[in-house]
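Subject: Structure for your review

Dear colleague,

Please find the structure below, followed by an account of what was found in it.

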Amino acid sequence: MNIMYCGDKNMENGLLISVMSLCKNTTEKLNIYVLTMTLDYNGKHYEPLSAEAARFVEEYINENHKQGGFVKVYDVGEYFKENTPGVNMKTRFTPFCMLRLYADRITEIPDKILYLDTDVICRKDIKEFYETDVTKYEFIGVLDYYGSWFFRKKFYKRDYVNSGVLLLNMRKIKETGLFKNSREMCANKEMFMPDQSALNKLCKYKGFAHRKYNDQRRLHKDTVMQHFTTSFRLFPYFHAVTVKPWDVERVHSVLKLHEYDELLNEYLKIKGN
């Protein structure tokens, strides 16, 4: 099972929790591919995912997952410099969100791979979703909970996919130039959610999966993967709520969620050590 993540050093906690959840709920070998880089922008310096963190996650997999696996890290900084997301460098979404758009430049990335944001927790076996036939699609994803109502190619059809969970057909993506074209759009057209918007606008062969494979609003009985995205609350006043899995105290106090206590307690113990 091939899984891809993207980000900088700040992704380490999310990467660990997400991979731990995969270990507990999958029965396949876990081949983890991570895209990262060093970057200076907006007056800040960002370090790549460290070799020590990658090695620790790989050791965790092989000690706690019967089928084992590996973690491979790729520095895509040179590719990023060749084709930066230009006008979108100062949006609220950091350039590290866009690193997945450079996956077509890495020959070792397999033809079929599941991209996950690091704030996605696996709750049940994802084998059924992973084994979906992607032959005729560039990617398969789940409708964005909010965006699918406001951003769509056709007024009468919800077709705007959340990019936090994407089953990618890298062979077809290379054939159509989807990632290449998306990088160019991100470089020249300012967008609210740059890479997600570009992928949705330019994708010609898009597949749609059930909500349970990327539950963005709240937990359901059939949830397979829960994505801790920003949501909105009406009471006691209209406000946005952002809680990430590694902020365990707020998972309990704000989301009132205890579904992942065993997983998160293990994570806290690891962090404490």
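Across which strands does helix 8 lie? Helix 8 (residues 194-202) lies across strand 8, strand 9 and strand 10, and runs at about 60° to strand 9. Axes here are lines fitted to C-alpha atoms, for helices over the stretch in contact, and angles run from 0 to 180 degrees between N-to-C directions. Helices (H or I, at least four residues) and strands (E, at least two) are DSSP runs, numbered from the N terminus.

This is a predicted model, in which local features need pLDDT of at least 70 and side-chain atom pairs count only at pLDDT 80 or more, while totals for chains, interfaces and linings use all residues. Residues are numbered from 1 along each chain as its sequence is written, and side-chain values use heavy atoms, with hydrogens and water left out.

An open sheet of seven strands has the order 5-2-1-6-9-8-10, with mixed pairing; two strands pair if DSSP finds at least two bridges between them. Strand 5 (69-75) and strand 10 (206-208) stand at the edges with a single partner strand each, so one side of each has no neighbour in the sheet. On average, neighbouring strands of this sheet are turned by 25° against each other, direction ignored.

Strand 2 (residues 30-36) and strand 5 run parallel and are joined by seven bridges, with Y33 opposite K72 in strand 5. Helix 2 (residues 51-64) lies across strand 2 and strand 5, at about 165° to strand 5.

Strand 9 (residues 161-169) runs antiparallel to strand 6, with five bridges between them, and K112 stands opposite N169 in strand 9. Strand 9 also pairs with strand 8 (residues 139-143) in the antiparallel sense over four bridges. Nine of the nine residues of strand 9 are buried (under 20% relative accessible area, with a 1.4 Å probe and protein chains only).

A buried loop residue

L99 is found in the loop between helix 3 (77-82) and strand 6 (112-116). L99 is buried, with a relative accessible area of 0%. Leaving aside residues up to four places away in sequence, L99 touches C6, G7, L35, T36, M37, V76 and F80, where contact means heavy atoms within 4.5 Å.

Two helices

The axes of helix 1 (residues 12-25) and helix 10 (residues 261-272) come within 10 Å and cross at roughly 130°. Among the residues that make this contact are L16 and M20 of helix 1 and L264 and Y267 of helix 10.

Yours sincerely

Note on methods:
Buried means under 20% relative accessible area, exposed over 50%, partly exposed in between (1.4 Å probe, protein chains only).
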